[in-house]
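Morning, everyone. Please have a look at it first.

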Amino acid sequence: MFPPQIYAERRQRLQQTLGGGLVLMLGNGIASYNYPDNNYPFRQDSTFLYFFGLDYEGLAAIIDIDNDQTIVFGDELTLDDIIWSGVQPTLVERCAAVGVSETRPLATLSRHIELALEKRQPIHFVPPYRGHTILWLEQLLGTKVSTTPGDAFLKGMPVATPSLELCYNIADMRNHKSPEELEQLAEAVDITVTMHETAIRLVQPGMHEKDIAAAVGEVCQRLGYFFSFPTICTNHGETLHNHGYIHSLREGDMLLLDAGAENAMHYAGDCTTTMPVGREFTDRQKAVYRVLIDTYEKAAAQLRPGITYRECHVAAWANIAAGLKELGIMKGDPMEAAEAGAVAMFMPHGLGHMMGLDVHDMENYGEVHVGYPRGAHKDPRFGFASLRLGRMLEPGFVFTVEPGIYFIPDLIDQWKAAGRFADFICYDELQHWRDFGGMRNEEDYLITSDGARRVGRKKPYTLDELAALRR
Ligand SMILES: [Mn+2]
């Protein structure tokens with residue numbers, strides 16, 4: 001945990017930016033897996049972690065701005081808890097460690113909210129993403145709860161919406177990482193890089209995807225850490241979220257590994273490596289890989305305060321178009337192809353996303369409320385719509401840079417049949433690449449006062465670096 005004043009300062013700042021009302025923050029509970037006492041690993045809610053740091057279940061908190069009062073609601077351990085879970089610090093001790101002096105039994109939260117509602121206090125809460133939390137909020141507020149942000153809740157409203165103002169204000173704070181958060185992120189990324197190096201060293205023909213996925217998992221689990229998201233480990237990288245590990249790996253295959261660790265304080269790392277299963281890539285794979293790495297390095301070199309990530313994304317698309325033009329797969333002006341959206345054929349996702357306590361940081365607030373300016377909407381066109389981060393970059397932002405190049409047979413067929421972007425895509429040549437698969441390279445970056453730097457240590461990705469680890 002951070003020192004108590006860090007949490008106290010964060011809460012103070014939130015109070016100042018919001019100006020009034022009552023902020024209700026619900027911690028996560030334990031979620032059952034297949035029967036009540038068999039549980040998923042506990043993961044605290046990230047908003048709760050950011051403001052209260054308390055990493056265990058059964059907690060709620062309020063920041064009553066109108067009355068300048070902060071209370072954590074929870075229950076002290078019973079003897080039964082101690083028998084099953086061991087002796088733990090008391091709630092009062094735990095709260096003191098995060099700068100909170102007032103605690104109350106969880107059962108009194110409901111009455112506390114009722115009184116606040118009667119006094120016409122607006123209730124601010126962030127969008128819930130678990131069924132249990134939605135039900136709990138509905139019980140506390142006495143009405144239906146939506147997950148789409150809008151006005152803060154006042155008694156009498158037919159539906160309680162999460163507070164858009166709260167989402168924007170917290171995103172402003174959490175989007176700018178502090179020095180102590182950057183240390184945590186660097187640790188998570190360093191472990192993540194070790195996971196990737198392990199896979200590059202290990203993979204060889206005759207193995208299965210699950211062999212590599214397990215070895216990657218062992219790296220973070222041996223440190224007592226967990227994944228920041230379910231590992232993608234596949235020789236079918238063109239399927240973007242491929243979570244099965246069922247394929248066997250053969251000479252000539254590429255393995256795409258998208259995996260990250262979450263460290264003890266729950267900060268995330270997120271990297272992707274595409275590696276040859278055999279000794280090296282085929283000539284064809286090398287040709288596309290060079291386009292990918294050139295795109296990746298140019299995108300990283302472009303990062304600085306004041307540039308929008310949308311510009312970086314479009315520039316990456318244009319670079320891919322230029323590279324694929326040399327291979328005879330695309331034609332026309334690369335920048336025009338990018339701006340028209342034609343390169344979404346080969347990279348249908350965004351160049352990156354914010355990263356912090358969540359691997360897609362604060363995505364429960366709505367990605368447009370985190371990755372775009374206040375009041376902005378996302379470009380709804382295919383490809384552009386998947387750009388989670390589009391806003392102007394500011395010092396303190398931490399996010400991923402992850403261009404990819406994919407050949408998706410179903411997408412090729414559909415666009416070809418529709419004659420889509422036929423001015424930019426050479427469909428005759430593309431037929432010869434249908435079974436190529438997909439590749440992506442991803443590392444994590446911080447915007448500094450005058451440029452950007454990698455978070456954590458460098459992940460091997462150049463052909464030479466990959467070859468050195470394969471020896
Ligand atoms: Mn990512």
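Before the sheet, one term: two strands count as paired here if DSSP finds at least two bridges between them. Also keep in mind that this is a predicted model.

As a reminder, strands of a sheet pair through backbone hydrogen bonds, and the pairing can be parallel or antiparallel.

Take the β6 end. Its partner there is β5, residues 69-73; the two run parallel and are joined by two bridges. If you want a place to look, Phe73 stands opposite Arg104 in β6.

Now the helices. The chain has 16 of them, along with 19 strands. I will show two contacts.

The crossing of α1 and α7 is right-handed. On the α1 side the contact is made by Arg10, Arg13, Leu14, Thr17 and Leu18; on the α7 side, by Glu165, Leu166, Asn169, Ile170 and Met173. By class, that contact divides into five nonpolar, two polar and three charged residues.

The second contact is between α8, residues 179-202, and α16, residues 463-470. Here the axes come within 8 Å and cross at roughly 65°. The range from 65 to 115 counts as roughly perpendicular, which is why α8 is described that way relative to α16. α8 passes α16 in a right-handed crossing. The residues involved are Glu197, Ile200 and Arg201 from α8, and Leu466, Leu469 and Arg470 from α16. The contact of α8 with α16 has three nonpolar and three charged residues, and no polar ones.

Last, the dimensions. How does the radius of gyration sit against the rule for a compact globule? For 471 residues the rule gives a value near 23 Å, and the chain has 24 Å, so the two agree. Along its principal axes, the C-alpha trace spans about 70 × 45 × 45 Å.

That is what I have.

Conventions:
Residues are numbered from 1 along each chain as its sequence is written. This is a predicted model: local features need pLDDT of at least 70, side-chain atom pairs count only at pLDDT 80 or more; totals for chains, interfaces and linings use all residues. A crossing is left-handed if the near helix is turned anticlockwise from the far one by less than a right angle, and right-handed if clockwise. Helices (H or I, at least four residues) and strands (E, at least two) are DSSP runs, numbered from the N terminus. Two residues are in contact if their C-beta atoms, placed from the backbone, lie within 7 Å. Ala, Val, Leu, Ile, Met, Phe, Trp, Tyr, Cys and Pro count as nonpolar, Asp, Glu, Lys and Arg as charged, and the others, Gly among them, as polar. Axes are lines fitted to C-alpha atoms, for helices over the stretch in contact, and angles run from 0 to 180 degrees between N-to-C directions. Angles under 35 degrees count as roughly parallel, over 145 as roughly antiparallel, 65 to 115 as roughly perpendicular and the rest as oblique. The radius of gyration is taken over C-alpha atoms; the globule rule is 2.2 Å times the number of residues to the power 0.38.
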